[in-house]
There are 2 protein chains.
Amino acid sequence: MAAMDASAIEQGEEERLMVRKDVFRPWPKTRRTVKACLLAIKGFLFRVGDDWYFLFALGVIMALISFTMDFTVSKMLNAHRWLQQELGGHTLLRYLSWIVYPIALVAFSTGFAQSITPHSGGSGIPELKTILTGVILEEYLTIKNFGAKVVGLTCTLSAGSTMFLGKVGPFVHLSSMIAAYLGRMRSSVTGNYENKSKEHEMLVAAAAVGVSTVFGAPISGVLFSVEVMSSHFAVRNYWRGFFAATCGAFMFRLLAVFNSEQETISAIFKTNFKITFPFDLPETFFYMILGVICGTVSCAYLFCQRWLLGYVRRNPFTASLLASDKPLYSALVAILVSSITFPDFLGQFLASRLTMKELLVSLFDNRTWWTLSQNASAEWPTGVDPNNLWMEWANPKITIFGTLAFFIVMKFWMFTLATTLPMPAGYFMPVFIYGAAIGRLVGETVAYIFPEGITSDGVVNPILPGGYALAGAAAYSGAVTHSLSTALLAFEATGQIAHILPVILSVLVANAIAQKFQPSFYDGTIIVKKLPYLPRIRSRQINSYKVNTGEFMKTDVEVLAKDAGFEDVLQVVTSSDYSEYPVVDNTESQVLAGTVKRSQLIRFLETHESQREPRIPDQKVPCGSTLGEGCTIDPVTFQLSSWTSLHEAHHLFELLSLQHAFVTEFGKVVGCVTRKEMRKAIEDLANPK
Amino acid sequence: MAAMDASAIEQGEEERLMVRKDVFRPWPKTRRTVKACLLAIKGFLFRVGDDWYFLFALGVIMALISFTMDFTVSKMLNAHRWLQQELGGHTLLRYLSWIVYPIALVAFSTGFAQSITPHSGGSGIPELKTILTGVILEEYLTIKNFGAKVVGLTCTLSAGSTMFLGKVGPFVHLSSMIAAYLGRMRSSVTGNYENKSKEHEMLVAAAAVGVSTVFGAPISGVLFSVEVMSSHFAVRNYWRGFFAATCGAFMFRLLAVFNSEQETISAIFKTNFKITFPFDLPETFFYMILGVICGTVSCAYLFCQRWLLGYVRRNPFTASLLASDKPLYSALVAILVSSITFPDFLGQFLASRLTMKELLVSLFDNRTWWTLSQNASAEWPTGVDPNNLWMEWANPKITIFGTLAFFIVMKFWMFTLATTLPMPAGYFMPVFIYGAAIGRLVGETVAYIFPEGITSDGVVNPILPGGYALAGAAAYSGAVTHSLSTALLAFEATGQIAHILPVILSVLVANAIAQKFQPSFYDGTIIVKKLPYLPRIRSRQINSYKVNTGEFMKTDVEVLAKDAGFEDVLQVVTSSDYSEYPVVDNTESQVLAGTVKRSQLIRFLETHESQREPRIPDQKVPCGSTLGEGCTIDPVTFQLSSWTSLHEAHHLFELLSLQHAFVTEFGKVVGCVTRKEMRKAIEDLANPK
């Protein structure tokens, strides 16, 4: 009744408004036509299911953000470089300007992001991965995060290669925030069809867009996001992702052309390898050795990173800093790191005057550094020469081998330390560069040992250390993230694919080692951050076929009968706090008839209570007095049986993104399995009692 | 008892054998040690779950087959070319030798393959796609098919570009046969764990190997097989596929090096495009137009192909030929096609002297044919010049534009006709070449219109028609197969990735058009061959959210009570022939308790009958006399409810590869949904009554 009244009032209001409008606005017919047209356009654009517009918008928006951020960051870095050059001989002043810049930026980034929302720190991929398994982390995708992350990330990146951080992770996060926002906008327009599955689809596409707008690499953007984010994916989502990622990458590279950075659309880290004879057959052996090295180093790194991430949370000093003075913690780390990278000090052996992009471009150089450095003058250049970036590495004191090795050793712990900073930052790009450095070192060594190439039958085909750098980048980043598509990423980002087979071999070898001994970077973070997490069952754990659900399920399940009354429901609701309860036919048979949501039960209790108090004796009870009548009982589409094997149950949990499932025996409820039980059972498999 | 006796006898037999062996073989200790070692190695190699060895073996075997086949085919084709040249001026003799060769080969291919098994015809991808949705087509993967397909395919390919057929599809089929065979071999050694899911995993990997060993393209092999084969995909299978495909591709290219075809491992259709300035920005517009053209042509082709495939089955003449004289049908088609392609006749306008590989290489030429043909002599060369393959296209009578257009027109119907031949043959490669020809025509036209390149500010950057050919190949093959990974395939096969963004744009545009108007080539074949098939729900069919399972389910379900006796079971088994029946608690409540397989019921009936006859009155019945005791009742893990929407039900059918599902209401069985009902409901969506 109240609702009807309200609508009547609204209608009246509307009529009054209509009259008023008519007074002010002439040509009612024209306006009506225009309105109909606009409605038709809206109907066309916002048709449920046609989300190509949204995917397009998502790609373009992210490309604009990515380009703008790159542009700002490069201006900031140029300013810093200019300042360094202007200060000339004043070492102290140069030192101060060198360290103040990153300190201020990092502290501001941490403070700003954390003051708006604590969820804006880190990369965001682990959390997004958790969301995609069906866990709801609502506040993670709010648009509030967006500003914090954009501003924070810009500052982080402006701190340059000193801090050695990237932008892939945050871009995936930003992209999914925009996708969630666009999705909410649309569902407010079109109504609430298929919200959950659509949201999932959009998030998957968003992850692809995030990667592709950073590297301008559509295909590997999709693949990387699939590998990192999910255990299963639908081909239809892949198409969506592909479309959005292509729009994003195209726009991103187009902007670079419009900004006259490039003559035409081309790869972001364009290389210039010789394609007629990129590598010789026996070199595949060295590529595989490179894979072994990358795999081993990645295991060490993953272990140290996880340990340090836990340590700074355990250690009283750092823990208290991180709890109350996050910016101070960031500043302290920045002081340490930037002091080390000061070019007059150790920085000269770390190529620290190069930006992140220059580091990568220099490592992918198609020339052999060793040969170049033999012919070069023995003087250390005063400024960075954009055409000879390799000279930054060719420190005459310790040769290129020394700088590369020193870089690898120092950046190992410096980057591990940087990942503990609570500010928006990506960790993929540094890993990629680090891998390229390993590859370059191996490649230069091979080129040094075989200066004439390996098969010397007349034609000289010298070894290309750049190819090794490419393979190293792909293999190391692939091992750290447990993904294979980094190989493709390396090709798309450099615009050359001639090294495909050796690079893939390195990536496979490195991945085999890393996956055997360590969880991936993102899984490691999920473990340390204690996010809900379903471990993988390794295919060699054949006991997973032997353990049955009956052995690890929770047996004390609160069951509600269909004819349960107020008291029963009250008792169940107060004694437990599950989100869903099984409803059985009757308490005797215990046959599962459906499920009921906690919210439904609470509403049932509320209506019941309110009815109780002012009840007029003769009036019939309008709402149902038993559960079956008063609540919506959801049908059960999915249930486990006591004899379902752990392996199968795990597979179904992953496939259907289940959070819990009831266990039945011939239709009777006998237990319940949640992700907690599942996880425990899997852990017991690995460490049998 | 009988079994025990048999085992006792076997044991005795074994002991006797042992004694005999001991007599002949000395050093029992050494032998025991060796045996233990071998067992340990077997245990290590055949450990369940570690299927890397198998994947490796699969890749290597397929690479060997692919290489051997290519080698044989190239020898055969060379012989044919030599014959043609030797015959010199005798036009009639040349004509005869030109047509007899393909006729004989095609007729033999058809006859041989069909005489061994009728399943060896065609590409095999549609059938494999059906198998991967969970339908059992057992005989399709038997090793008997293998020989038929290998020999048949070799003959088909040896017929050369006259028949215009490829090898991708059959290789996918061959690869899955080997995978199934290896799987059976393994499960006979290790026992029967996880057979079904493992088989599925191996088949998915096999599809990837099939594609990758044809093109030497591991990444796109995996992606293409994913897109074409399945609607959902597990990342873990993707890794397996990746590994196997890499092994296959590496081995395949390695063999080419060992055979001195190439100096080092490189792409199979290596191109040599200029990478410093591959295309100019405004050219993306022409690339998109190319996408539109490819999409439109692909729709026409798909329609005609499906129509013709149906027509030859309906037309009395061709139908009777196909039923009884398949080789004759093939031979007739071969006469027609090869007469047209005779180089002295119309073949000179069709570049018919080139092999399939040469056709593709010539189309991907980095030079502009128009410019070349301007400077070339006006004479038609007598033989094929391997370094100037383009000359085959530059017929002075109708210029290159004429030959390309003629090629496109003629090959349209000739290839459509060739797809109706009942012999082992792939259809991807011809589609790829056809697309390249379309692209080349567009590219040459653009280059003709803008001879100086599009932006003429000083530096001349001429247009590369080869890039258009690449985009055309990717876009047309992508549109025909409804996949996007053909873009990547084009890059991997040519070894250059500089055109990535425009190519992907063309592919996206072409796919959008083709997916909107026509089912894919493989889906079309599935429809025509009437294989079990679950149509896709388009995302704009929002009614799929409104239609509930209750509206389209089958309601007359045969139900068995747990306490059903012989008579009930007999009645149910004789009156219907489903593979599985729902078991309810009791006939009154109708609560679903589990399912029972038909085979179980039949065994139940058999044991019952055999007990009846020679029963000794006092003896207790050893087997259960009711269904609940005598049969294994499988638990139900999955059920639909009447209120599940069609969209959700479809999603679950696809995700879980279900063949049927029971429908319940509060636990009670009310109906059943099979793929048939599902398909009908989806078709009703598209054509509402």
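The following paragraphs lead through a predicted model, beginning with the relation between its two chains and then turning to particular elements.

Chain A can be superposed on chain B by a rotation of 180° with 0.0 Å of shift along the axis, leaving an RMSD of 0.1 Å. The two copies are therefore related as by a two-fold rotation axis. The same surface serves both of them, since 100% of the contact residues of chain A recur in chain B. To locate the axis from within chain A, one may look to A:Phe638, which of the residues of that chain comes closest to the rotation axis, its C-alpha lying at 2.4 Å.

In chain B, helix 19 spans residues 486-494, and because nine of its nine residues are buried, this helix is largely enclosed by the rest of the structure. Just after helix 19 of chain B comes B:Gly495, which takes a positive phi of about 80°.

Helix 11 of chain A, which covers residues 283-314, contains A:Phe303. This phenylalanine is partly exposed, because 14 other C-beta atoms lie within 10 Å, whereas a residue would need 20 or more such neighbours to count as buried and 12 or fewer to count as exposed. Between A:Phe303 and A:Phe269 there is a separation of 34 residues in sequence, and their C-alpha atoms are 30 Å apart in space.

How values were computed:
Residues numbered from 1 in each chain as written. Chains lettered and ligands numbered in written order. Predicted model: local features only at pLDDT ≥ 70, side-chain atom pairs only at ≥ 80, totals over all residues. Helix = DSSP H or I, 4+ residues; strand = E, 2+ residues; numbered from the N terminus. Least-squares fit on C-alpha atoms with pLDDT ≥ 70 in both. Contact = placed C-beta atoms within 7 Å.
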